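Below is a short note for a colleague who has not looked at this structure before.

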Amino acid sequence: YQSTKIFEKEIDLALVTNGGLRTPIPKGNVTVGNIYELMPFNNEIVVLELPGEIVLKLLHYAANRGNAVLSGIKFTVKNGQAYDITVNGNDFDRSKMYTLAVSDYLAGGGDNLYCLKDATKTHQIGILFRGAIIDHIKELTANKKQIVGTLDDRVIIVE
């Protein structure tokens, strides 16, 4: 959400890995210190332009490793492969270019996400991941909204 506001264009997907988020956000009042514990790294958000073929490689990585948290996308995993893929409600198109908000660490191949190094273009947007989280929480709080986490059906695993 914060990335889209700064980038000023729609961003199709966002990605973090489980290792990038170090601790749960506690119930009750959330402090800046809690967010530093959640994300202790000074990773900047970048927006990558990725061909559909690279997005498919990313999804297969996610299907095999189980440590990639994606938004903007739904897919089914069977035998370590991603199927029935939709991006923001639309059928996935291998020939299309997609935008991905991700940390500069992952964009550089961190966590073995080497496929992201094949991005067609990288946009620096000048905000730290942690800063975006803090700004979003401040905005929710200012609007008297609660921070809620929900599970959805973005990824369906079929045995």
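1. This is a predicted model. Several elements each supply at least two residues of the lining of the largest pocket: helix 1 (2–7), strand 1 (13–17), helix 3 (52–65), strand 3 (68–71), strand 4 (73–78), helix 5 (129–142) and strand 9 (155–158). Helix 5 gives the most, with six residues.

2. The volume of the largest pocket is about 1600 Å³. Its lining has 45 residues, and the closest to the pocket centre are Val16, Leu21, Val69, Ser71 and Arg154. By residue class, the lining of the largest pocket holds 30 nonpolar, eleven polar and four charged residues.

3. The second largest pocket has a volume of about 160 Å³. Thirteen is the count of its lining residues, and those closest to the centre are Thr17, Gly19, Gly20, Asn43 and Tyr105. Strand 1 and helix 4 (104–107) are the elements that give two or more residues to this lining. The lining of the second largest pocket divides into six nonpolar, five polar and two charged residues. Which residues form the salt bridge? A search of the whole structure finds one salt bridge. Arg94 pairs with Glu53, and their closest N and O atoms are 3.4 Å apart. Arg94 sits in the loop between strand 6 (90–91) and strand 7 (97–103), while Glu53 belongs to helix 3, so the pair ties together parts that are 41 residues apart in sequence. In general, side chains of opposite charge can pair when their charged atoms come close.

4. Is Glu53 buried, exposed or partly exposed? Glu53 is partly exposed, its relative accessible area being 39%.

5. Four strands make up an open sheet in the order 6-5-4-9, and the pairing is mixed. Strand 6 and strand 9 are at the edges with a single partner strand each, so one side of each has no neighbour in the sheet.

6. Val87 stands opposite Asn90 in strand 6.

How values were computed
Residues numbered from 1 in each chain as written. Predicted model: local features only at pLDDT ≥ 70, side-chain atom pairs only at ≥ 80, totals over all residues. Heavy atoms only, no water. 1 Å grid on protein atoms, 1.4 Å probe; cavity = no way out; pocket = protein on both sides within 12 Å on 5 of 7 lines; lining within 4 Å. Points joined across faces, edges and corners; volume = space filled by probe spheres on them. Nonpolar A, V, L, I, M, F, W, Y, C, P; charged D, E, K, R; others polar. Salt bridge = Lys/Arg side-chain N within 4 Å of Asp/Glu carboxyl O. Buried < 20%, exposed > 50% of the residue type's maximum accessible area, 1.4 Å probe, protein only. Pairing = 2+ DSSP bridges.
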